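Student: I'm new to this one. Can you walk me through what's on screen?
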Amino acid sequence: MTPEQIEHVQHSFSRVAPIAEHAAALFYERLFSLDPNLRPLFKGDMVQQGRMLMQTLALAVRGLQNPTALVPALEQMGQRHVTYGVSEAHYDTVGSALLWTLEQGLGDAYTPAVAAAWQEAYGLLAGVMKAGARKAEAA
């Protein structure tokens, strides 16, 4: 990612962070509308799940400036997600739900440049997680 793309992602996420609980609820609502078969993968309190999602996103967004430290954590996350029943195809649905959520949360601030930066960021993050999942499946 370019420094400008990282700045777009970090700045836009800082605008979403104050509405994190609402954004997480929007995300899961959209995710389950895109693929209702994903709902059973999520056990327990969805508010807590949303908090964990937003905390994880915050760490990943901050980590974009230091991918060397970020990659191992994302690989481990991808490995864990295999045990939850997440398949590689689910990452596309999650990406669609995330980008839609950001568009809703940012409104006019979700410019084409911001959208492109988030697409690039999600592609990077999901790619590393998928690689971690493939390692877990091969083991």
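Predicted model: local features only at pLDDT ≥ 70, side-chain atom pairs only at ≥ 80, totals over all residues.

Student: What does the radius of gyration say?
Tutor: The protein has 14 Å. A compact globule with 139 residues would come out near 14 Å, so the value agrees. The C-alpha trace spans about 40 × 30 × 20 Å along its principal axes.

Student: Which residues touch the most other members of the largest nonpolar core?
Tutor: M54, L102 and W118 do, in a core of 40 residues. Helices α1, α2 (20-34), α3 (46-63), α4, α5 (90-106) and α6 (112-138) each supply at least two residues of this core.

Student: Which helix gives the most to this core?
Tutor: That's α6, with 10 residues. As general background, nonpolar side chains in soluble globular proteins tend to be buried together.

Student: Back to L102. What is L102 in contact with, leaving aside neighbours within four places in sequence?
Tutor: V16, G107, Y110 and W118.

Student: Now F13. Where does F13 sit?
Tutor: F13 is in helix α1, residues 3-16.

Student: Is F13 buried or exposed?
Tutor: Buried. Its relative accessible area is 8%, and buried means under 20%, so F13 qualifies.

Student: What touches F13, again leaving out neighbours within four places in sequence?
Tutor: M54, L57, A58, V61 and W118 are in contact with F13. Take A58: 45 residues separate A58 from F13 along the chain, and their C-alpha atoms are 7.7 Å apart.

Student: Let's switch to A73. Which helix holds A73?
Tutor: Helix α4, residues 67-83. A73 is partly exposed, with a relative accessible area of 39%.

Student: How far apart are the C-alpha atoms of A73 and R39?
Tutor: They are separated by 25 Å, and the two residues are 34 apart along the chain.

Student: Last topic, charges. How many positive and negative side chains are there?
Tutor: There are 10 positive and 13 negative side chains. The centres of the two sets lie 7 Å apart.

Key. Residues numbered from 1 in each chain as written. Heavy atoms only, no water. Rg over C-alpha atoms; globule rule 2.2 N^0.38 Å. Lys, Arg positive; Asp, Glu negative; His and termini not counted. Charge placed at Lys NZ, Arg CZ, Asp CG, Glu CD. Helix = DSSP H or I, 4+ residues; strand = E, 2+ residues; numbered from the N terminus. Buried < 20%, exposed > 50% of the residue type's maximum accessible area, 1.4 Å probe, protein only. Contact = heavy atoms within 4.5 Å. Core = buried A, V, L, I, M, F, W, Y, C linked by side-chain atoms within 4.5 Å.
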